[in-house]
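Open the model in your viewer and keep the selection panel at hand.

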Amino acid sequence: GMALLCAVNLFTMVTLPVRDGQNQHFYALADTLEQGGLTYGYADFQVSQPLTVLSDSRVKARYVYMDESGVRPFYYQTEKGWYDDVPGQKNYFLVLDAGQSEENENNEGWKFLAENLEQRLESGPYEILVFSQNPMSGL
């Protein structure tokens, strides 16, 4: 009995993602997005996958490529449909490293983001830009 109970507890501890260390930022980010009703958006590779996985896909973050020249869909090894408008989706988000939008705000490729920005949120080391229309639509 006791050995089985210990084995089950150990198994549970190993399989559940830990809410500390590096993951705590992603959990906090997922909570912030979910509480704000932001369930579909974009982030770079380091953020998009853990955010989607750790939120059990309640928040879907699709991978985009970002540099000085702008933010754009990353079509390699992704599905083109990820960047299309989602029926019934009220808002879209873009997760950036804190300060990333200020660093790039004067760059031509980032101007369309500023023009369509509805709201700016923060979560730990991240900045969340909120849009009423899909910032990747037609790119």
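A residue counts as buried when its relative accessible area is under 20%, and as exposed when that area is over 50%. Keep in mind throughout that this is a predicted model.

**Stop one: a loop residue.** Select Gln89, which sits in the loop between strand S3 (70-73) and strand S4 (92-97). Is Gln89 buried or exposed? Its relative accessible area is 19%, so Gln89 is buried. Now show what surrounds the residue: apart from neighbours within four places in sequence, Gln89 has contacts with Thr39 and Tyr40.

Select residues 117-123, strand S5, together with residues 126-131, strand S6. These two strands pair in the antiparallel sense, and six bridges join them.

**Stop three: the largest pocket.** Select Phe45, Gln49, Tyr63, Thr78 and Trp82, the lining residues closest to the centre of the largest pocket. The space in this pocket comes to about 200 Å³, and 13 residues line it. Which element gives the most to the lining? Helix H3 does, with five residues. To see the contributing elements, colour H3 (45-54) and strand S2 (60-67), each of which supplies at least two lining residues. Then colour the lining by residue class: seven are nonpolar, five polar and one charged.

Note on methods. Residues numbered from 1 in each chain as written. Predicted model: local features only at pLDDT ≥ 70, side-chain atom pairs only at ≥ 80, totals over all residues. Heavy atoms only, no water. Helix = DSSP H or I, 4+ residues; strand = E, 2+ residues; numbered from the N terminus. Buried < 20%, exposed > 50% of the residue type's maximum accessible area, 1.4 Å probe, protein only. Contact = heavy atoms within 4.5 Å. Pairing = 2+ DSSP bridges. 1 Å grid on protein atoms, 1.4 Å probe; cavity = no way out; pocket = protein on both sides within 12 Å on 5 of 7 lines; lining within 4 Å. Points joined across faces, edges and corners; volume = space filled by probe spheres on them. Nonpolar A, V, L, I, M, F, W, Y, C, P; charged D, E, K, R; others polar.
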